[in-house]
Amino acid sequence: MNKVILRPHREESILRLHPWVFSGAIASIEGNPAEGELVEVLSSELKPLAVGHYQIGSIAVRILSFTEDPTQPDFWEKMLSRALQLRKSFGLEGSANTNCYRLVHGEGDGLPGLIIDYYDGVCVFQAHSAGMFLAREAICEALKTVYGDALKAVYDKSSGTAPFKAGLPLADGYLYRRPGFDSDEAVVLENGNKFYVNWNEGQKTGFFLDQRENRLRVGNLAKGRNVLNLFCYTGGFSIYALAGGALHVDSVDSSKLAMGMVDRNVALNAFDPSAHTSYTADAIDFLKSIPKGKYDLIIVDPPAFAKHRGALKNALRAYQRLNEAAISKVAPGGFVFTFSCSQVVDKEAFALAVFSAAAATGRSVRILDRLNQPADHAVNIYHPEGEYLKGLLLYVE
Ligand code: SAH
């Protein structure tokens, strides 16, 4: 195995089990590792520290193991079994009313660069590193062992996320399909609500599994309320609001494809179609166009405004503008669920942006709750960067 030798004192983060080696920490590289190859990481005194996937870029090594040999044939099976066991331990895998969840959340499951979402027997594989992309066949084999007969298919959705400087031709497609399985779409159950998920045409792996628990919160507050779901995607929050007894739900997304799915999901759950309206529109334009007080529950769940640190300032301004519009429009005694999924915007910065938004409206606003990502999007305590979804539940008078 090729070796990466660190500069003096740069082993400290690894000794604290942080799973990344930044390129600036490297003194020398022995051999000529290709992107995605396993490398051994050694301290400046040549003490072996870890083994991980090498990549050209600011994160040069993503660590797979501090103790075990990741070249052992059962490595993937062991890691995926651990991930599944965790989801079983809190009742998500095996639940009667939820059959979709995140099986692997990158560093949170000790597998930096890997996302696997599970949709009732279909695993959608998404590599965010060259190493995970190159390991896809082995990971697929391990999924077959871990899930056994329950596995219907493994779909690789890495073309937009697996980074290769060398420019491999990437195309999404099936790594495995059980004989007779020929659909790009499934109906999944989340807290008893049904959703179509299309991993081929949909955004990310097909569905935003990270809002499962926050959707429950919306459902519990929706009874008798007029609800506006902004950035609704396939209507996750809308379906829970309707199930919770909302008077009426308006769903807004700029994606026509997503809005088509919202309508199908409303029909799938057999709700009265007159209780729901779909709008293919820009969320900010929509907010500007509505009269004050029309809605008494507004959900604001935009895409990540900041994908990297450089975009932070503009992103915070955008969160502020958006939240100011939502807070100013919600009816007195109404609720605003507001979220940010930008990893670089931390809880405090987001809360500050929402504070500035509230202050600009001059209304009385109280924080009733702070919202998070659910347990299947686990955060490795040694890798706090894994925490990305944050939200506030506001009460506005
Ligand atoms: N709340 C959703 C997930 C939202 S993801 C759920 O529970 O599933 C963010 C969504 O914002 C995407 O569907 C994207 O199409 C939409 N979007 C992005 N920019 C937008 C804009 N300017 N106006 C409205 N929707 C937008």
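Q: Which residue of S8 is the bridge partner of Arg102?
A: The bridge partner of Arg102 in S8 is Asp117. This is a predicted model, in which local features need pLDDT of at least 70 and side-chain atom pairs count only at pLDDT 80 or more, while totals for chains, interfaces and linings use all residues. Residues are numbered from 1 along each chain as its sequence is written, and side-chain values use heavy atoms, with hydrogens and water left out.

Q: What makes S7 and S8 a pair of strands?
A: Two strands pair if DSSP finds at least two bridges between them, and 5 bridges join S7 to S8, which run antiparallel. The strands themselves are DSSP runs of E with at least two residues, whereas helices are runs of H or I with at least four, and both are numbered from the N terminus.

Q: What is the phi of Asp120, and where does Asp120 lie?
A: Asp120 has a positive phi of about 40° although it is not a glycine, and its place is the loop between S8 and strand S9 (122-127). That hairpin has 2 residues between the strands. In general, most residues other than glycine have a negative phi.

Q: Why does Asp120 count as partly exposed?
A: The relative accessibility of Asp120 is 26%, which places it in the partly exposed class. Lys204, by contrast, counts as exposed because its relative accessibility is 53%. Lys204 also has a positive phi, near 50°, in a residue other than glycine, and sits in the loop between strand S13 (193-198) and helix H5 (212-221).

Q: Why is one side of S7 and of strand S11 (173-177) left without a neighbour in the sheet?
A: The 5 strands form an open sheet of mixed pairing in the order S7-S8-S9-S10-S11, and S7 and S11 stand at its edges with a single partner strand each, so one side of each has no neighbour there. Neighbouring strands of this sheet are turned by 20° against each other on average, direction ignored.

Q: How do you know that the span of helix H2 (residues 75-89) agrees with what it should be?
A: The expected span of a helix is 1.5 Å times one less than its number of residues. The 15 residues of H2 should therefore span 21 Å, and its end C-alpha atoms are 21 Å apart, which agrees.

Q: What puts the buried residues of H2 on the same side?
A: Phe75, Trp76, Met79, Leu80, Ala83, Leu84 and Arg87 are buried in H2. They cover an arc of only 160° around the axis, which means that they lie on the same side of H2; the arc is that of the directions from the helix axis to the C-beta atoms. The face turned away from the buried side carries the exposed residues Arg82 and Ser89.

Q: What covers the buried residues of H2, and how does H2 run to S7?
A: With contact taken as heavy atoms within 4.5 Å, the cover includes S5, strand S7 (100-105), strand S8 (114-119) and helix H4 (136-147). H2 lies across S7 and S8, running at about 135° to S7, where axes are lines fitted to C-alpha atoms, for helices over the stretch in contact, and angles run from 0 to 180 degrees between N-to-C directions.

Q: What makes strand S20 (residues 390-396) mostly covered?
A: Of its 7 residues, 6 are buried. Strand S18 (residues 334-340) pairs with S20 in the antiparallel sense over 7 bridges, and strand S19 (residues 365-372) also runs antiparallel to S20, joined by 7 bridges.

Methods: Buried means under 20% relative accessible area, exposed over 50%, partly exposed in between (1.4 Å probe, protein chains only).
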